[in-house]
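Here's a quick briefing to read with the model open beside you.

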Amino acid sequence: MLIGLLIAKVVGVVMRGPSPMVLDAGFYWELGGLVADGDWLLMQRPIAYRTPAYPWLIGLFRAVSSDPLFALVVFQGVLWMATIGLIAALASEISRDRRVVWVVVALAIPMLCSAVYVTTVLTETLFVFSIVLHLWSVARFTRRPTVAGGLMVGLTLGLAILTRPVAMLVWIADLIYVITSWYWIANPATQHLCHRRGWIGVLLAGIVTVGCVSPWLARNHALFGKAMLTEFVGRNLWIVTFQDGSGAGLGLPESAGAARLKTQLGDDVWGNLSVDQSWRHTWTVSNALTTSGMDDPSADRLMKRVATEAIAESPLPFGIKTLRRLINFWRTRATQIPAQLADLAADETVTRETLSQEFYVGQPVWGVKVPPVDTALRHRWSNWLAGNTLLMLATLAATMLLIWRRPTRAAGLWLGAILGYFATVTAVLEIPAYRYRMIVEPVVLLVIVLAIVSISACDGGLKVWRGVWSKNLLVKK
């Protein structure tokens, strides 16, 4: 019944139709078209701020399917359900209790906002799946290291990095888990393993990961003269440094980098940007720099230089706003989630053919209202500030419980490091939004379920101890 409800929820979301292919989604669709035409390394688009895994997926469906948008959305729906299945398998792997699977599925049914992203042409669904698949492969490898396991760890991490570069340091958390499990916590499942074979597998995983990303590094070296994965940190830092609100709202520094920026743009352009303070907008400055003749990565490096110089002049305001964004990473409400065709065609004044041409680059579209899903979306938990705060506190308490209990300490340190890593990187480089927090939702689900199981285990152990004590007391009497 639980699995049926989970599938019905995803089917209901897909029935509401795809989300508009505008902005990033439209650009990904365009890149997928280049891949479908055979340009796997996207040499025709000399950009340095995208990685190729998601365009490859789109290109695959555009090449083999007569209705690629529908096929992509359905596939992403399958990926979302597979992610929940992997979390259930991972919870069973860590807790050594198969009954935990039903708890995972039951708690995953109310997770609705992340399921809506299966209808978008964006990286979220693929990235979350690749991260969870990587975590599952690490857990399996740690318990029983093999050459095939090391290969799987490397492949999954390579896929995650090529989907979103933010995953490039996840291996640090993985090493914490491996070292803790093999050398600190005496686990009957790992105490007799061959450490030499294990470290050979770790080395293989690193080699495979580097091998996965090497073609993209070579591509960027050929286009820009530097073997890099992406160049986007400058644009991110520009937002959190100069934008008001959640950003630090700092002024342009009196520095060599700022002088270089003004010179590159020219007095007229800079004057226009200064009139309405539009220089604070990331893409306004980025587009102006590339229009002036700078290549994409050079523009990003210059923006990074100016932002870091501004931060060096005012570190305290920037640090305070960063800490605030770290807290808001967990508390930010999902006030806006992707619209779907059922929402766009709600008033029935616009035909689907018009919507297809305007928002879906002419692709066939579908979409109907699904009352249970519509109602659930209107009253979604993630749009409740108090609910998000409670979930944040529950996640913190669950992670601390896992670390406190010796049988789950290694897993608690590992999952806590994963949560802390994504939260911190996002707080430093991004304005908080639900689409960033949804990346860690499956891990949040995992730690809460493992904590529930741990509490149940403690209660069971207490009952056993009380039974033994009572029996001894009767014998004495």
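Predicted model: local features only at pLDDT ≥ 70, side-chain atom pairs only at ≥ 80, totals over all residues.

Residues are numbered from 1 along each chain as its sequence is written, and side-chain values use heavy atoms, with hydrogens and water left out.

- Searching the whole structure turns up one cavity of 30 Å³ or more. On a 1 Å grid over the protein atoms alone, a cavity is a set of points where a 1.4 Å probe fits but cannot get out, and a pocket is an open set with protein on both sides within 12 Å along at least five of seven lines; lining residues have an atom within 4 Å of a point.
- The largest cavity holds about 90 Å³, where volume is the space filled by probe spheres set on the grid points, which are joined across faces, edges and corners.
- Its lining includes Trp80, Met111, Phe129 and Glu441, and α4 (68-95), α7 (124-143) and α23 (441-476) each supply at least two of the lining residues. Helices here are DSSP runs (H or I, at least four residues), numbered from the N terminus.
- By class, that lining has seven nonpolar, three polar and one charged residues. Ala, Val, Leu, Ile, Met, Phe, Trp, Tyr, Cys and Pro count as nonpolar, Asp, Glu, Lys and Arg as charged, and the others, Gly among them, as polar.
- The second largest pocket comes in at about 650 Å³. It is lined by 26 residues, and the closest to its centre are Pro110, Met111, Trp381, Leu391 and Glu441.
- Helix α20 gives the most to this pocket's lining, with six residues. The lining splits into 18 nonpolar, five polar and three charged.

**Nonpolar packing**

- The largest nonpolar core has 107 residues, and Val121, Trp414 and Phe422 touch the most other members. Such a core is a set of buried Ala, Val, Leu, Ile, Met, Phe, Trp, Tyr and Cys residues joined through side-chain atoms within 4.5 Å.
- The largest share of this core, 13 residues, comes from α4.
- A second, separate core of 26 residues includes Leu273, Leu302, Met303 and Ile311.
- Leaving out residues up to four places away in sequence, Trp414 touches Leu90, Ile94 and Tyr177, among others. Contact means heavy atoms within 4.5 Å.
- Helix α11 (residues 233-242) is mostly covered, with nine of its 10 residues buried. Buried means under 20% relative accessible area, exposed over 50%, and partly exposed in between (1.4 Å probe, protein chains only).
- Among the elements covering those buried residues are α12 (256-265), α14 (282-291) and α21 (409-429).

**Single residues**

- Asp374 sits in helix α19 (residues 371-378) and counts as buried because its relative accessibility is 9%. Beyond neighbours within four places in sequence, Asp374 contacts Arg16 and Lys369.
- Thr290 belongs to helix α14 and is partly exposed, because its relative accessibility is 31%.
- Cys113 is buried at 4% relative accessibility, whereas Cys212 is partly exposed at 23%.
- The structure holds zero disulfides, a disulfide being a pair of cysteine sulfur atoms within 2.5 Å.
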